[in-house]
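Here are my notes from going through this one with you. Keep the 3D view open and follow along point by point.

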Amino acid sequence: MKTGYTTGTCAAAAAKAATLALFRGQARAAIEVELPDGSQAVIPVEEVRSGPGWAEAAVRKDAGDDPDVTHGLLIKARVEPLPGEARAVDVIIRGGDGVGTVTRPGLAVPAGEPAINPVPRRMILGSVSQILDPGTGAMITISVPRGAEVAARTMNPRLGIIGGISILGTSGIVRPMSDQAWKDSLILQLDQALAAGHRYIILTPGKIGENASRRLFGAPVEAVAQMSNFAGFMLKGCAGRGFEGVILSGHHGKLVKVAAGVFETHSRLADARRETIAAHAAALGAPPEIVEALLEANTAEACLDILDSIGATAKVFLRLAERVSRRAEEYLSGQSPGAIPSVGAALLDLRGRALALDDRARDIARKAGWTAG
């Protein structure tokens, strides 16, 4: 499958193209950029414009065969000379329209700065410095038309990055169908929670679970992190960062998979929801016809009506919540060196109502100073 280039690589190429246009009078159709591993990439330049005291170049983001929401965006760089004489090459990098601004601590970029991560900054600086003569300074402004619109479909709003996308990339290359970029975004939430002083955290599959979990526990926004389908990855991230307690909270259709020992919960990999619910109902004495109905249910949510018919919903889901907690701690004991955080579970329905909270979840909430549902 075709690889692509990160927004950081595109920004570096655009900055180099604009610098060549301003300081050397050269408008190039392609730019060679050095990637973090020392290899070279040739990036097409879509447009170069210039005027008195400025030049601007644009590169169109090509993510290859990866389903990246930034694919096709224009990444622009505007270059202007710095006034006065610099003692050495002096480059200032700013964020323009469509580049987000960091508003919370815990990220690689300090609050108040444009969301241009350290590796892309080094790539931009390195690319521009190749062209500038000693004693010359330049102001580089990176902008992304439609960046604010596209950012709404990324993790940026959740991370407190407002106004646009982030300029990212550690390798400079986008590898198709990789989950790593998504995981990299999710794990930042843990760093933000630590920066805000939280030693206890709630992990939830998505936005609906996040809102419901905050209401249920009265937890602050920084103490609730979305984990998507990566329960195991995020649990290991919590253990590695020294969190003392973790509550897995969200729709039961996702979390009962963890009760079955499934720690990457996307349906393309595993779907044991009905079987897991049916097995635990059977263990608690549900009659065969109820077990069969659970196995044949269309959805995990439909299982609730079946269990309600015999008054067993609360009992079955409390057992499942306890199993979620136990399996999560067992998983961490085999995966993570050092101290293992206490893990509790809260299983919710589609309306965000709690079906069950186990004692571990209540204890973690109490220690964190939250309510216990």
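In what order do the five strands of the open sheet sit?

1. Let's start with that sheet. This is a predicted model, and in it the strands line up as E4-E5-E6-E10-E7, with mixed pairing. Strand E4 (47–51) and strand E7 (90–95) are at the edges; each has a single partner strand, so one side of each has no neighbour in the sheet. On average, neighbouring strands here are turned by 20° against each other, if you ignore direction.

2. Now pick out one pair. Strands of a sheet pair through backbone hydrogen bonds, and they can do that parallel or antiparallel. E6 (residues 74–81) and E10 (residues 137–143) run antiparallel, joined by six bridges. To find one of these on screen, click on Lys-76: its bridge partner in E10 is Ser-143.

3. Next, the helices on the sheet. Helix H1 (residues 7–24) lies across E4, E5 (54–60), E6 and E10, and it runs at about 40° to E6. Helix H2 (residues 118–129) lies across E7 and E10, at about 135° to E7.

4. How do the two helices meet? The axes of H1 and H2 come within 8 Å and cross at roughly 20°. Angles under 35 degrees count as roughly parallel, so that is what H1 is to H2. Their crossing is right-handed.

5. Last, who touches whom? On the H1 side, the contact includes Gly-8, Ala-11, Ala-15 and Lys-16, and on the H2 side, Pro-120, Met-123, Ile-124 and Val-128 are among the residues involved. Sorted by class, the contact has seven nonpolar, four polar and one charged residues.

How values were computed
Residues are numbered from 1 along each chain as its sequence is written. This is a predicted model: local features need pLDDT of at least 70, side-chain atom pairs count only at pLDDT 80 or more; totals for chains, interfaces and linings use all residues. Side-chain values use heavy atoms; hydrogens and water are left out. Two strands pair if DSSP finds at least two bridges between them. Helices (H or I, at least four residues) and strands (E, at least two) are DSSP runs, numbered from the N terminus. Axes are lines fitted to C-alpha atoms, for helices over the stretch in contact, and angles run from 0 to 180 degrees between N-to-C directions. Contact means heavy atoms within 4.5 Å. Angles under 35 degrees count as roughly parallel, over 145 as roughly antiparallel, 65 to 115 as roughly perpendicular and the rest as oblique. A crossing is left-handed if the near helix is turned anticlockwise from the far one by less than a right angle, and right-handed if clockwise. Ala, Val, Leu, Ile, Met, Phe, Trp, Tyr, Cys and Pro count as nonpolar, Asp, Glu, Lys and Arg as charged, and the others, Gly among them, as polar.
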